[in-house]
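Colleague: Before we discuss this model, could you set it out so that we can go through its parts one by one?

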Amino acid sequence: MKINIKRFNQNENDFIKEYEVKNENLLQSLIEIRNNLDATLTFRCGCKSGVCGSCAVRVNGVERLSCKTKINDNDLIEPIKYCKVIKDLVVDVSHETLLIKKSNLSINENIIYSEINKEDIKNIDLQSNCILCNSCYSSCPIYEVNGNFIGPFALTRALRYVNDKKCSNHNLIFDSVQTNGIWDCTLCSSCTLVCPQGIDPKSDIMKLQNLSIQKGYTNPYQQNLNFSDSFDNFDNFGGFNPNGF
Ligand code: SF4
Ligand code: SF4
Ligand code: FES
């Protein structure tokens, strides 16, 4: 079977290279290439079992975990998007910490553990399963126009902390996700479709929007709307409106 891999090295233009492999699993194919055909091929992996989140790439434009992906003839393998490529399929993921810090997510040190029951754990279980693979981040179209967007994995994590009884700084989290956050999402579902953990960041963002409204926040894009204006004059909408109004 043939696969095509986007190669990149500092100071070189990127190029696509074709390899003939025997393995059907993508990660095993990458290892096969590195061991037998081209020792310079660079990629990340850790657990080899879908747990660590380090091996995400794009296969024919769709984010996938290499270790959980069966390849087909002539598949194109590329690094994930919106990250600086360090070499071949390895990218800089320093944005992860920045985006999570932006949302001010933390557990209160003075928690009372005896108050936590099974139902409380169930409320945060799914979002806690995020393996920070960056698939949702790479699939999100907002990064084409707004590099400051907090984005799906940090926002899904924000809901997890808001629902966590051990967390007491809910107001700070809500404040933190209003700008470049929940209202900038177009609810397109790309993040949900690619998540290998079955997490639904789009729904989590909608829940954060509803909770924000209940707390008295408003959608800044709706505030900018003036329905008395003619729809012929789109300049009145104040620039890019990700919610498509
Ligand atoms: S639903 Fe929102 S966060 Fe998810 S990919 Fe679409 S725009 Fe990005
Ligand atoms: S939410 Fe899903 S796709 Fe996004 S980083 Fe976490 S595990 Fe990966
Ligand atoms: S190597 Fe850990 S998720 Fe693929």
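Modeller: For what follows, a residue is near a molecule if its C-beta atom, placed from the backbone, lies within 6 Å of it. Please keep in mind that this is a predicted model.

Colleague: Which helix supplies the largest share of the shell around ligand 2?

Modeller: The shell holds 17 residues, and Cys130, Cys133, Cys136, Phe153 and Cys195 are the closest of them. By class they comprise 12 nonpolar and five polar residues, with no charged ones. At least two residues each come from α4 (135–139) and α5 (152–162), and the largest share, three residues, belongs to α5.

Colleague: Which element gives the most residues to the largest nonpolar core?

Modeller: That core has 27 residues, and among those with the most contacts inside it are Cys136, Leu155 and Val177. Two or more residues are given to this core by each of α4, α5, α7 (190–194) and α8 (201–214). With seven residues, the element that gives the most is α5.

Colleague: Which strands of the open sheet have one side left without a neighbour, and why?

Modeller: Five strands make up the open sheet with mixed pairing, and their order is β2-β1-β5-β3-β4. A strand with a single partner stands at an edge, so one side of it lacks a neighbour in the sheet, and this applies to β2 (15–20) and β4 (62–65).

Colleague: What is the bridge partner of Arg7 in β2?

Modeller: Strand β1 (residues 2–7) runs antiparallel to β2 and is joined to it by six bridges. Within β2, the residue that bridges to Arg7 is Phe15.

Definitions and conventions
Residues are numbered from 1 along each chain as its sequence is written. Chains are lettered from A and ligands numbered from 1 in the order in which they are written. This is a predicted model: local features need pLDDT of at least 70, side-chain atom pairs count only at pLDDT 80 or more; totals for chains, interfaces and linings use all residues. Helices (H or I, at least four residues) and strands (E, at least two) are DSSP runs, numbered from the N terminus. Ala, Val, Leu, Ile, Met, Phe, Trp, Tyr, Cys and Pro count as nonpolar, Asp, Glu, Lys and Arg as charged, and the others, Gly among them, as polar. A nonpolar core is a set of buried Ala, Val, Leu, Ile, Met, Phe, Trp, Tyr and Cys residues joined through C-beta atoms within 7 Å. A residue is buried if 20 or more other C-beta atoms lie within 10 Å of its own, exposed if 12 or fewer, and partly exposed in between; C-beta atoms are placed from the backbone. Two strands pair if DSSP finds at least two bridges between them.
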